[in-house]
Amino acid sequence: MNPSTARPHVVIVGGGIAGLAAAFFLRDEPVRVTVLEGSPRLGGKLSVSEVAGVAVDEGAEALLVTRPEGTGLITQVGLAGDRVEPGTTSSAIWTLGALRPLPRRQFMGVPSDLAELARSGVVSGDGAARASQDLELPPTARDGDVPVADFVGARFGAEVVDRLVDPLLGGVYAGRSSDLSFDATMPALAAASRRYRSLAEAAGSLLPPPVPVPAGDQDRAPAGTRSGGSVFTTLAGGLGLLPTFLAKASGAEVRTTAMARALSPAPTGPGARRGWRLTVGSAAAEEHIDADAVIIAVPARPASRLLAGVPGASVAVTAFGEISYASMAIVTLAYPRSAFPGAGLAALGWSGYLVPAVDGRAVKAVTFSTVKWPHLADATVSGAGPLEIVRCSVGRIGEEALLQRADEDLAAVAAAELEAATGVRGAPVAHRVTRWGGALPQYTVGHLDRVARIRAAVAGQPGLAVCGAAYDGVGIPACIATARAAASQVMDFLGGGRQ
Ligand SMILES: Cc1cc2nc3c(=O)[nH]c(=O)nc-3n(C[C@H](O)[C@H](O)[C@H](O)COP(=O)(O)OP(=O)(O)OC[C@H]3O[C@@H](n4cnc5c(N)ncnc54)[C@H](O)[C@@H]3O)c2cc1C
């Protein structure tokens, strides 16, 4: 225990949403909490800045409301009044030369209504015919974890994989369905697929009952809706505001530009409880911070580096080394509304579109921000009237060469592809390129086993816990859930256990 205070000291390494949420969950505990963030800025993948004078998220921009963790935290830090709901979440797929409706009755791209799939035009006539074989085929055996593409492809054929499932997984993980684990990326469907012969039926069992839609409009109803509203929310000033509020509400000491370079058992005096020592700062200006418990809330690579100094944690070091990351960039473009044909982007009826990798485009997903989030649509540009803001996501796993292009090049590529998809004329009035190196962990085949190995190895270390996007889901609610569990684990160790 730190001699300067009677309260045990908990150090959290990483000031992203997971680390800050862990600090928040410890706010009422009888502990002193320090958060060490290596970069000059808090928030990790949550960040907001202005484009053409409008605050637009650079990283995560939407929060799932079907899990309570994210909305709960927003309420607890006093931001509930800033929540805004999407205008539409009806999404398209840009494929086979047109924007086509993403079928409503699908689960991560796995269709449950094969007639709707055929009507959407997302797959060819042959592709739709092959997909309908799912209803007739004998059960598809699988032994252990498999790539999503293998199982879904066996049921529906390659077109459903390439033009639906792969783009949806690409939107979440920037990964490819040929590598990603069925058990880890679609756990509910993987479990349901063991109960149903048809995968379409398994997907349907996970969807809410169909929402009645006016005749002739069946294929335009938002895919992301549930009875009572949308499944997404954000904050009026950007989701990137959340980290600062969280840090303040946590009451923790939060240090930025405090890169933890090493973790080792602290030297202990006679009878003292074993603790941990963190080495922070440059080799020239090294600082040691002692802690009774440590929560590691950083991506796999830095977590592995820290655990390399912990005797007995080699299994976790190896398993962390097996988790690769996709890098990506978000290109945000602002146009005068008049640059789009007709009445602007809203007239298209979509909140954005996904682009299958097989179509060979650089941009993998596009969000029409001013349509999806109507509060952004009030922005105007001087002399050009109302603005449209468009967010283009570039970079699937393995596309690092594309990301080496200069900002101006990436913006030009994104603008050219947007023109081809939407008919927008002229150059954007403003653009912003945000690069996210090591953005998203890849839950490849065997991920669940890897995570189990990490957790077992860390559980063997007294007062050590891990949390963040590398484990149970990359979405913000899943990250917050791991943070709560990590806070509970260190309190159990410290003898509090009041979580
Ligand atoms: C472009 C993009 C868009 C996304 N969109 C969404 C979305 O709309 N909705 C959604 O739910 N999710 C979204 N995600 C996923 C989600 O944002 C992330 O999975 C989540 O924010 C990760 O949080 P984290 O705290 O685990 O990690 P991070 O955000 O990576 O935070 C880790 C922090 O640790 C710091 N750090 C690293 N090493 C050290 C060290 N040695 N010492 C001290 N500090 C260190 C880093 O600087 C960083 O700040 C998106 C992700 C990206 C990249």
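The lining of the largest cavity is made up of 6 nonpolar, 4 polar and 2 charged residues. In these classes, Ala, Val, Leu, Ile, Met, Phe, Trp, Tyr, Cys and Pro are nonpolar, Asp, Glu, Lys and Arg are charged, and the others, Gly among them, are polar.

A few words on the basis: this is a predicted model, where local features need pLDDT of at least 70, side-chain atom pairs count only at pLDDT 80 or more, and totals for chains, interfaces and linings use all residues. Residues are numbered from 1 along each chain as its sequence is written, and side-chain values use heavy atoms, with hydrogens and water left out.

Searching the whole structure turns up 2 cavities of 30 Å³ or more. A cavity is a set of points, on a 1 Å grid over the protein atoms alone, where a 1.4 Å probe fits but cannot get out; lining residues have an atom within 4 Å of a point. Grid points are joined across faces, edges and corners, and a volume is the space filled by probe spheres set on the points.

| Cavity | Volume | Top contributor to lining |
|---|---|---|
| Largest | about 90 Å³ | strand S4, 3 residues |

Helices (H or I, at least four residues) and strands (E, at least two) are DSSP runs, numbered from the N terminus. Among the residues lining the largest cavity are Asp-57, Glu-61, Trp-373 and His-375. The lining of the second largest cavity, with 3 nonpolar, 2 polar and 4 charged residues, includes Asp-166, Arg-176, Lys-364 and Arg-396.

Note on methods:
On a 1 Å grid over the protein atoms alone, a cavity is a set of points where a 1.4 Å probe fits but cannot get out, and a pocket is an open set with protein on both sides within 12 Å along at least five of seven lines; lining residues have an atom within 4 Å of a point.
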